[in-house]
Amino acid sequence: MDILQVVSPLVCTSRIPGLDRVGLRVLKDRNGQLQVATDPVGCHPGNWVFTASGSAARWAMGNYAVLSDLTIVGIIDQWDDGQTDAKE
Amino acid sequence: MDILQVVSPLVCTSRIPGLDRVGLRVLKDRNGQLQVATDPVGCHPGNWVFTASGSAARWAMGNYAVLSDLTIVGIIDQWDDGQTDAKE
Amino acid sequence: MDILQVVSPLVCTSRIPGLDRVGLRVLKDRNGQLQVATDPVGCHPGNWVFTASGSAARWAMGNYAVLSDLTIVGIIDQWDDGQTDAKE
Amino acid sequence: MDILQVVSPLVCTSRIPGLDRVGLRVLKDRNGQLQVATDPVGCHPGNWVFTASGSAARWAMGNYAVLSDLTIVGIIDQWDDGQTDAKE
Amino acid sequence: MDILQVVSPLVCTSRIPGLDRVGLRVLKDRNGQLQVATDPVGCHPGNWVFTASGSAARWAMGNYAVLSDLTIVGIIDQWDDGQTDAKE
């Protein structure tokens with residue numbers, strides 16, 4: 001499971017039915033590489049989170065019909081990447 | 001889910017039955033790396049999109065018999081990679 | 001799905017039963033990185049192809065018992081990587 | 001399966017139900033890249049371990065309902081990366 | 001499927017039940033990056049092999065209960081990476 005930081009929500013009106021009404025977050029890794037994840041936890045910009053990929057991402061949404069390949073599965077209580085402190 | 005930009009349709013007459021009659025798009029990431037994805041959304045060159053990989057790519061086509069491993073699942077309303085603005 | 005170029009067939013007499021009698025191809029990406037794929041399409045050295053990975057690779061062989069994780073799913077009609085022209 | 005070294009437990013009070021009561025470890029590879037894995041083996045900081053990813057990670061927990069995509073599946077008896085000796 | 005060279009067996013007394021009694025090999029790629037794979041073929045240090053990942057790795061063991069995510073599926077008859085010749 002990867003360790004990533006929440007950047008912002010993702011605004012996206014045109015999406016497939018399988019992602020209808022699901023909260024999407026833009027995340028970045030330590031190199032600034034961006035990804036999009038579904039969020040069943042309720043995290044905020046600046047939070048450090050870890051994510052599950054593959055079919056676990058769909059089970060983690062509590063609904064296998066959600067067609068995500070990356071889901072936030074936990075907010076890290078305390079994380080310091082040397083630049084930013086993340087507090088839950 | 002990765003964030004990629006649509007480059008062009010892919011012209012490919014010789015393909016397996018499982019990809020028959022499916023729209024294919026060439027996408028690139030910020031480093032110029034190219035990939036091919038199936039498109040159930042209907043996007044255009046220049047659009048910034050995000051994609052689902054793995055088995056989610058097949059479910060996202062609305063037909064598990066479509067043998068894709070990468071499917072466009074949404075068009076991002078507004079995206080600026082510093083070089084190009086993507087409008088839905 | 002990745003875009004790769006066919007280098008050669010792979011000669012391999014010692015293999016698991018699940019890959020018995022399957023055509024194998026060595027492919028390379030633009031950085032020269034090599035991979036092995038199963039080929040249900042019938043492609044030739046120099047062809048540019050695109051590939052499906054994961055469980056889609058097995059379904060793409062038309063036989064889920066073929067234990068591939070990478071299968072050629074189409075030959076690109078025209079591709080120019082700046083070095084080589086690929087013609088179907 | 002990747003070879004990684006255990007850094008520390010991960011403290012994370014806010015997590016999805018599918019990871020409830022599961023031991024989480026922060027691991028690093030030889031480049032210092034960090035990941036989070038579930039631990040059914042019981043390893044300690046400094047141990048060199050190897051991990052299974054994908055759906056194997058869930059089966060490896062002995063409970064498919066654990067929504068991990070990376071699980072520690074063994075502790076390496078002796079490993080020397082040139083910097084650190086790992087002893088079981 | 002990746003092309004890798006066998007380095008050595010992996011000594012690992014503490015492992016999950018799903019990898020009990022399975023032969024493990026340390027493999028390296030051309031950049032020296034190491035991985036661990038299960039071996040149903042019977043290969044030797046110095047052999048060049050190719051591997052299946054994901055769920056194919058479990059099927060390739062002939063036993064889906066073996067919790068590998070990387071399995072050696074064939075020994076390449078002849079391979080020259082510019083440094084080492086591999087003979088079956």
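Predicted model: local features only at pLDDT ≥ 70, side-chain atom pairs only at ≥ 80, totals over all residues.

Me: How many residues of chain D are in contact with chain A?

Reply: On the chain D side there are 21 residues, and they are in contact with 22 residues of chain A. Between them, the two chains bury about 1,700 Å², with 59% of it on carbon and sulfur atoms.

Me: Which elements give two or more residues to that side of chain D?

Reply: They are β2 (14–15), β3 (24–28) and β4 (34–38) of chain D. The most comes from β4(D), with five residues. By class, this side of chain D has 13 nonpolar, five polar and three charged residues.

Me: And how many salt bridges are there between chain D and chain A?

Reply: The count is zero. Eight residue pairs are, however, in polar contact across the interface of chain D and chain A.

Me: In which sense do β6 of chain A and β2(D) pair?

Reply: Strand β6 (residues 70–75) of chain A pairs with β2(D) in the antiparallel sense, over two bridges. Opposite Ser14(D) in β2(D) stands Ile75(A).

Me: Changing topic: where is Thr71(D) found?

Reply: Thr71(D) lies in strand β6 (residues 70–75) of chain D.

Me: Is Thr71(D) buried or exposed?

Reply: Thr71(D) counts as buried because its relative accessibility is 0%, and the cut-off for buried is under 20%.

Me: What does Thr71(D) touch?

Reply: Leaving out residues up to four places away in sequence, Thr71(D) touches several residues, including Ala37(D), Pro40(D), Phe50(D) and Met61(D). Thr38(D) is also among them, and a polar contact of 2.8 Å joins the side chains of Thr71(D) and Thr38(D).

How values were computed:
Residues numbered from 1 in each chain as written. Chains lettered and ligands numbered in written order. Heavy atoms only, no water. Contact = heavy atoms within 4.5 Å. Buried area = accessible area lost by both parts, 1.4 Å probe. Salt bridge = Lys/Arg side-chain N within 4 Å of Asp/Glu carboxyl O. Polar contact = N/O pair within 3.5 Å; in protein donor to acceptor, adjacent residues only side chain to side chain. Helix = DSSP H or I, 4+ residues; strand = E, 2+ residues; numbered from the N terminus. Nonpolar A, V, L, I, M, F, W, Y, C, P; charged D, E, K, R; others polar. Pairing = 2+ DSSP bridges. Buried < 20%, exposed > 50% of the residue type's maximum accessible area, 1.4 Å probe, protein only.
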